[in-house]
Amino acid sequence: MSKKSILIVEDEFIIADVLGEILQRGGYEVCGIADNFSEAIELIEKHQPGFVVVDIYLKGKKTGIDLANILSEKNIPFIYISANSNQRVLEAAKKTNPYGFVVKPFREKDVLIALDIALYRYENNRENGLHQNAILQKKIANILEMVLDWEHKLMLVGQALQPYIPFEYMSVGLSIANPDKFNEIGFLRLGFEEYQIIGAKELTMISKLKLAELAALKAKQTIANIATWYDETELNLLFKDAPLKALIGRMYDLRSHLIIPVSINGDITFECNFYSRRPDAYNADHLILADRFKPLLQSFIKRMMVDENNPLDTSLIDNLAIKQNIPAPAPSFFEGIIGSSHLLLNVFDQIIQVAPHNSSVLILGESGTGKEKIADRIHHLSPRKLKPFIKVNCAALPSTLIDSELFGHEKGSFTGAYERKIGKFELANTGTIFLDEIGEIPLELQVKLLRVLQEREIERIGGRTTIKTDVRVIAATNRNLEKEVAEGRFRLDLYYRLNVILITMPPLRERKEDIPALATYFLNIYNRKVGRTIRGISDVVLENMKQYNWPGNIRELENLIERGVLLSKEDVLNHIDIALPDIPVIDQPAIIENKEIRTMSENERAHIIAALKRCNGKIWGEGGAADLLNLPPTTLNSKMKKLGIKKDYIF
Ligand SMILES: Nc1ncnc2c1ncn2[C@@H]1O[C@H](COP(=O)(O)OP(=O)(O)OP(=O)(O)O)[C@@H](O)[C@H]1O
């Protein structure tokens, strides 16, 4: 990409002119100025700019956000320059993944720094992309060589794609409608590397429809010719024209979708479908990935189709044994990080994706959500794993000492500097430095840190030479850094430098399904530590924990279990010290045994049955189970159906 060629898309003539001058002074070449969407498209076709600077509001109906979507498809990097601070518009702009944002009125310096950072991030992403392709290509070649049936090979391909294209359900099938054949196979994610194969047979069992009925549903579906993504609202609309997708989507609570059509020899088209439980898991970046990965998928499917045992041939489906999931491998990658909620699995996927690279990582998340644990995993899964991993808690250092802690000092460089001190950056050389609570670093030091990141060299206090360093930086904070930037406490340029890869840790209240496993994990730890043999945690306690808001997240949960273990007089944890909102509690004598943790749906099932029993089977109205569980009766009914709870079970 030519750094020199930039297109300006700005409807205010004077601003466009000033911008043009600034860019030229900064060494860029302005290849054109457009004041509306269609002119911008024309100039893009004509000049193929290396970069676009775009305003949000343009002349005409279409906005800079519409243009950004086209730019993403064409893989042309862009930044926004806008005066608009309306939250809704900003949110929409953010979704297009710009490489930067400059707010009007701007200073020359702001624009040039933003561009510099944007170009750095773009190059970084591009390099990572090339690297990703090479890794994936190798993985797929290995899978093709494995002695495994095609369903499992396809499942492994899905698993290899997971870090780049997250999904809770993936399916591959012929997109050509054929009412007599059901040519589709799906994979439901159950754990980090654990999937269940949902072939035709399983789907008939789960949906209670016959093969022909499933095939007929599929035949009604429209065929996608190009890769497309759908957020929750769009997916609900798509479901109207895609009854098979709707059936699967509703069965597994899938809320966003990405289709990658792959054509073989120009005539047969396959659809690779990815679904997520997040309402907006996919964006324009996934279309770029789709483009990049298509040749790999193509060669895989080609190889599969020439084998007469491929799973998409219906004549074979009835002979297939019902295949359950491949046993999950030992969780060595994420040992000690407990949980299998889709939010945590998404974080694992990101870690696998980013660990091999040198890019800086910024981890955001509330206190106690496991940011340090994640930083540790990134280091230990990276090629630097045998090199130092140096942790610095920026909040714990007095501001007068941070400088010397990070960069070191020479003997006699200030009063009290009796010895030379090697700073953390130097100690971390060839390894990783983890800057925890980065939001607490004073402004003056932020400049120095920026320089280290940019120039990869440090200077000890009082030193006369610069020292080259090769350190990967992982930073974390529980502060809202965007707000810190907006309020002038954190440098925008440093924020963008750190934020090459962003990982957001979900708070515990958003992944309550992980609570039983976490609680049992800590119970075992503290049993061992204090020599107790508490067998398990009562359902009441678990239920209370799910109702609780967890401001201190996992650290708070750990502390509570520790205290519970110390104070409990019985062999089951029947009480922990949390202040609950005023909600009804279902008392149940059953306990969760240490070794056999019930699945989420088993828990949910037991909980609903207990509520129904308490209400003598009444669902609707006052005193009914729906009321007690604080659920709409229709939701309770459908949950009962899904979990196979019949009223006759209750009495
Ligand atoms: N998924 C998990 N499984 C098991 N233990 C966890 C998990 N996540 C966090 N922990 C534990 O919870 C505690 C808090 O985690 P950690 O220090 O990584 O959080 P943090 O987000 O860095 O917190 P802070 O912002 O306060 O520094 C630690 O004892 C850690 O081992």
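This is a predicted model: local features need pLDDT of at least 70, side-chain atom pairs count only at pLDDT 80 or more; totals for chains, interfaces and linings use all residues.

What percentage of the 651 residues of the chain count as buried? I found 36%, where buried means 20 or more other C-beta atoms within 10 Å of the residue's own, with C-beta atoms placed from the backbone.

Residues are numbered from 1 along each chain as its sequence is written.

Next I looked at the fold. The chain has 25 helices and 23 strands, taken as DSSP runs numbered from the N terminus (helices H or I, at least four residues; strands E, at least two). For contacts between residues at least 6 apart in sequence, 70% join residues at least 24 apart; a contact means C-beta atoms, placed from the backbone, within 7 Å.

Then I turned to D55. UniProt, in an unreviewed entry, places "modified residue: 4-aspartylphosphate" there; such annotations may be inferred rather than shown by experiment. I located D55 in the loop between strand 3 (51–54) and helix 3. Is D55 buried or exposed? D55 is buried, because 23 other C-beta atoms lie within 10 Å. Beyond neighbours within four places in sequence, D55 touches V9, E10, D11, G64, I81 and S82.

Last entry: I checked how helix 3 (residues 64–73) meets helix 11 (residues 284–305), and got an angle of about 20 degrees with axes 8 Å apart. The contact is made by N69, S72 and E73 of helix 3 and A284, D285, L287 and I288 of helix 11.

Methods:
Axes are lines fitted to C-alpha atoms, for helices over the stretch in contact, and angles run from 0 to 180 degrees between N-to-C directions. Two residues are in contact if their C-beta atoms, placed from the backbone, lie within 7 Å. A residue is buried if 20 or more other C-beta atoms lie within 10 Å of its own, exposed if 12 or fewer, and partly exposed in between; C-beta atoms are placed from the backbone.
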